Every structure is written in structure tokens, then in C-alpha cells.
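Me: Got a structure open here and I'd like to talk through it. Can we start with pockets and then get to the charged pairs?

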Amino acid sequence: MNNTVLDFGFTPDQKDLQMMVREFGEKELTWEKMREFDDRGEIPMEAYKKAAEMGLTAITIPEEFGGAGMGQVENAILSEELGYWNGGFATTVLANGLAFDPVLLFGNDEQKAYYAKYIVDGGFAAFALTEANAGSDAGALRTTAVKEGDEYVINGCKCFITNGGVADVYTVFALTDPDAGARGLSCFIVERDRKGVSVGKEEDKLGIRTSNTCEVIFDNVRIPAKNLVGQEGKGFKIAMTTFDLTRPAAVGAGTIGGARFLIDQCVQYAMVRTTFGQPILTNQAIQFKIADMEIGTQAARALVYRAAEMLDAGVVDTTIAASAKVAGSDNLLKVSAEAIQIFGGNGYSREYPIATIYRDAKIYQIYEGTNEIQRMVIIKSMLKAYM
Ligand SMILES: Cc1cc2nc3c(=O)[nH]c(=O)nc-3n(C[C@H](O)[C@H](O)[C@H](O)COP(=O)(O)OP(=O)(O)OC[C@H]3O[C@@H](n4cnc5c(N)ncnc54)[C@H](O)[C@@H]3O)c2cc1C
């Protein structure tokens with residue numbers, strides 16, 4: 001394993017966390033172990049249970065609510081080390097933070113304690129924003145939440161929800177004022193066991209197959225009014241502020257782990273694979289490919305941890321957060337394509353782990369806002385600063 005990229009000025013506690021997650025991955029999440037889950041499209045539940053017992057599924061939940069109370073740098077370390085071994089598993093674990101963050105940022109203490117318990121106890125949470133006709137265009141959502149006395153009645157169907165089929169609790173975005181578009185959106189806590197909540201189609205995905213992605217249906221689901229997170233009409237802001245927090249660690253750092261894994265694999269393979277009587281690593285064409293992988297990964301890693309440090313310092317910078325997500329995910333896609341090239345036919349074969357990571361890599365350019373949408377977010381935020 002290439003250690004030059006790993007010591008990023010972390011504190012001793014952060015290095016301990018890094019080693020702990022790395023060892024966990026090495027033991028529980030090797031490609032050989034994950035393969036059957038990837039084939040079947042299943043979350044490796046035993047590994048998840050162990051991660052939860054170690055507190056890894058709740059590291060950013062404040063200590064007062066039962067979590068480890070760590071920051072975004074630690075969250076990035078977790079994501080990077082899990083992403084090194086298995087992108088789907090990293091997605092499954094980090095989706096809990098994505099779901100909890102709206103409550104953490106905008107909820108009251110009672111809601112935080114209530115929601116956190118599901119995750120701290122080893123359960124799953126899911127963030128439910130996307131609908132069939134509203135992915136990039138979150139303002140086009142159709143799910144409604146109608147106030148009736150001291151309850152809201154929720155109706156609608158969410159799709160592509162990570163952990164959707166296994167979640168104990170959902171963070172649901174629904175319109176309280178359907179005529180107001182994005183300004184009519186509100187955020188709610190909806191428990192899985194409420195009458196009218198059901199799980200629809202499970203996606204049979206190209207990659208990250210060790211994560212669960214499902215439709216979630218809300219059919220006249222009654223929730224108490226106290227399950228409203230923040231204020232009515234603030235749902236869009238809540239979702240976007242959440243993404244500023246999650247894009248660097250949950251997405252960006254995961255891509256760095258995947259890229260590091262591929263670089264390690266390529267160096268090892270190129271040292272032993274011979275053509276024309278020489279290891280392929282002796283060819284400058286191969287060396288340059290690996291050097292370029294390293295350059296892209298180092299650059300993206302620096303941005304990801306810079307973004308995480310800024311968040312921990314209380315500086316929310318939309319441009320930096322979105323840039324970290326784009327830099328990491330674009331880099332991983334390039335690295336995974338080059339890794340297949342270095343492995344030649346073996347890269348294309350499912351006998352080697354490279355093909356799996358190539359499939360997994362694509363998702364990071366899509367979820368938590370596509371990279372096209374990130375670029376729109378970046379230019380908008382830049383222009384605001386220029387004005
Ligand atoms: C595996 C997986 C897990 C997911 N997990 C979750 C989850 O947990 N919770 C959740 O709420 N959602 C989740 N999503 C949904 C994801 O966030 C959306 O798929 C994503 O935001 C894109 O939306 P869409 O699929 O509707 O694509 P569309 O919005 O239809 O976009 C299609 C293409 O058009 C481009 N495009 C759209 N508008 C513009 C524009 N104005 N300018 C330029 N290009 C544009 C897009 O970038 C994309 O390339 C997940 C998706 C997947 C595949």
C-alpha cells in the first residue's frame with residue numbers, strides 16, 4: 001500500500017481511526033468476501049452489524065445523542081478507508097449521515113435524540129428526496145404533506161433511495177405548499193413502521209451492488225406535526241445545506257479510497273506481469289499512466305480534506321464542497337478506466353477486482369447531485385461572490 005498519500009497531518013486520534021477502519025476493511029470487506037454480495041446485490045449485513053458495534057455507522061452523531069461526536073475530517077477518513085475496500089458498503093454506511101444531517105442541522109434536540117437512536121442502535125436511515133420526475137430538478141417534486149390538525153398526511157413515491165429497503169427511519173422531503181415549487185418544500189421524519197409506508201422496486205444496479213437502492217412509497221401516511229424538521233417551506237434549503245456538508249466526506253473521500261485501491265493494484269500487477277520478457281512496469285507508457293493516477297488522486301484528496309477541515313472550522317463553502325465531489329469522482333472514473341487498461345484482458349474479467357470498481361466508480365458522478373449540477377452550483381456560488 002502506498003503510504004505517501006496517507007499521512008495528511010492527521011492527529012494521533014485521527015490516525016488511530018484510520019488504522020481501525022483500515023483493519024476493519026482488510027478483515028471484513030475484501031473483494032473476495034464482497035463478491036458474493038455484489039453478485040446477489042445485497043448489503044453484507046454481518047459486516048454492517050460489526051461496523052455498527054464499532055460505532056462506525058454513527059461517527060458524526062454528537063456524543064450527547066449516543067454517537068462518536070466526530071467531525072467531517074474523521075467522516076472523510078471513514079469514507080476513504082471504507083471506499084478503499086468497497087464503494088457499496090461505504091455508501092450504505094455514509095447514507096446514515098446523509099439522512100441524519102438535516103435533523104442535526106435544522107432539528108430540535110428531541111428530534112436529534114429520537115432520530116440518532118435508530119442509527120446508534122445499529123439500524124439504518126435513508127434520505128428521501130428524489131422522485132421519478134425530480135432528480136436534478138428537486139423543485140419539481142410531487143410528494144405532498146398536508147396538515148390536518150396536529151398531523152401531516154404524506155402521499156407520494158420516492159425513488160433511488162439508498163437504504164430505502166432496509167431503513168428504520170426516513171428523512172422525507174414533501175410539499176406543504178404545492179403551488180410554491182421549491183419554496184413549498186418541507187422536511188419530515190417518517191418512521192418505517194408508520195401505516196402506509198412501503199418499499200417498492202429495488203434497483204438492480206450496475207455498481208455499488210452491496211448497497212440497497214429502492215423506491216419508497218407513502219400512501220396516506222400520518223405523522224405527528226412534531227416530525228416536521230425546521231420550518232415549513234425550508235425543505236429545499238435544508239436539503240442543499242445538507243449536501244454542502246456531505247459532498248466532501250461522504251462522496252469525495254469515498255472516491256479517493258477507490259482510486260488508492262486501484263493504484264495499489266496497478267503497481268503490484270505491473271511489477272509481475274511481463275510482456276516481451278519485461279515487467280510491464282518498465283514501460284514508460286505504463287509508468288506515466290500510474291503517475292497520472294497518483295497526480296489526480298493526490299490533488300482530489302487535498303481538496304476533499306481541505307473541504308472537510310473548512311466544514312469542521314464552521315466555514316460552509318458551496319464551491320469547495322461541490323468541487324471536492326466533482327474532483328474526486330471525475331478522477332476515480334479516469335483512474336478506473338486506466339486501471340482496466342493496465343490490467344488488459346484481466347482488467348475486463350470479473351476474476352479480478354478492477355472491473356467491479358470500474359462499475360462502482362460511475363455512481364459518484366451521479367448521486368448527491370450529478371456532476372453537471374455540481375458545475376451549475378459552483379458557477380452560481382462563484383458568481384454570487386463576484387457580485
Ligand atoms: C445508486 C443511487 C443511489 C441514490 N441514492 C439517493 C438517495 O439516497 N436519496 C435521494 O434522494 N436520491 C438518491 N439518488 C438519486 C440521485 O441523486 C439522482 O439520480 C440524481 O440527482 C440525478 O437525478 P436523475 O436521475 O433524475 O437524473 P436527471 O435529473 O434526469 O438528469 C439526467 C441527466 O441530465 C443532466 N441534467 C439535468 N438537468 C441539467 C441541466 N439543467 N443542465 C445540464 N445538465 C442537466 C444530469 O446531469 C444528467 O446527466 C440515488 C441515485 C442512484 C443511482
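This is a predicted model: local features need pLDDT of at least 70, side-chain atom pairs count only at pLDDT 80 or more; totals for chains, interfaces and linings use all residues.

Me: How many residues line the largest pocket, and which lie nearest its centre?

Reply: The lining has 43 residues, and the ones nearest the centre are F243, R247, E368, G369 and T370.

Me: Which elements give two or more residues to that lining?

Reply: Those are α5 (87–106), β3 (151–162), α7 (235–272) and α12 (371–386).

Me: And which one gives the most?

Reply: That's α7, with seven residues in the lining.

Me: How does the lining of the largest pocket divide into nonpolar, polar and charged?

Reply: You get 22 nonpolar residues, twelve polar and nine charged.

Me: OK, switching topic. How many salt bridges does the structure hold?

Reply: There are 22 of them. One joins R359 to D38, with the closest N and O atoms 3.0 Å apart.

Me: Which parts does that pair tie together?

Reply: R359 sits in helix α11 (residues 354–361) and D38 in helix α2 (residues 31–40), so the bridge links parts that are 321 residues apart in sequence.

Me: Are R359 and D38 buried or exposed?

Reply: R359 is buried, at 18% relative accessible area. D38 is buried as well, at 6%.

Me: What about R222 and E151, what do their side chains do?

Reply: They meet in a salt bridge, 2.7 Å from N to O. R222 is in strand β7 (residues 213–224) and E151 in strand β3, so this pair ties together parts 71 residues apart in sequence.

Me: How accessible is R222, and how accessible is E151?

Reply: R222 is partly exposed, with a relative accessible area of 38%. E151 counts as partly exposed too, at 27%.

Me: Which residues do salt bridges with shared partners join into one network?

Reply: That network takes in R22, E80, E81, R260 and R301.

Me: One last pair. What's the N to O distance for K27 and E28?

Reply: Their side chains meet in a salt bridge at 4.0 Å.

Me: And is K27 buried or exposed, and how about E28?

Reply: K27 is exposed, with a relative accessible area of 59%, whereas E28 is buried, at 9%.

Me: Why does E28 count as buried?

Reply: Because its relative accessible area is 9%, and buried means under 20%.

Note on methods: Residues are numbered from 1 along each chain as its sequence is written. Side-chain values use heavy atoms; hydrogens and water are left out. On a 1 Å grid over the protein atoms alone, a cavity is a set of points where a 1.4 Å probe fits but cannot get out, and a pocket is an open set with protein on both sides within 12 Å along at least five of seven lines; lining residues have an atom within 4 Å of a point. Helices (H or I, at least four residues) and strands (E, at least two) are DSSP runs, numbered from the N terminus. Ala, Val, Leu, Ile, Met, Phe, Trp, Tyr, Cys and Pro count as nonpolar, Asp, Glu, Lys and Arg as charged, and the others, Gly among them, as polar. Buried means under 20% relative accessible area, exposed over 50%, partly exposed in between (1.4 Å probe, protein chains only).
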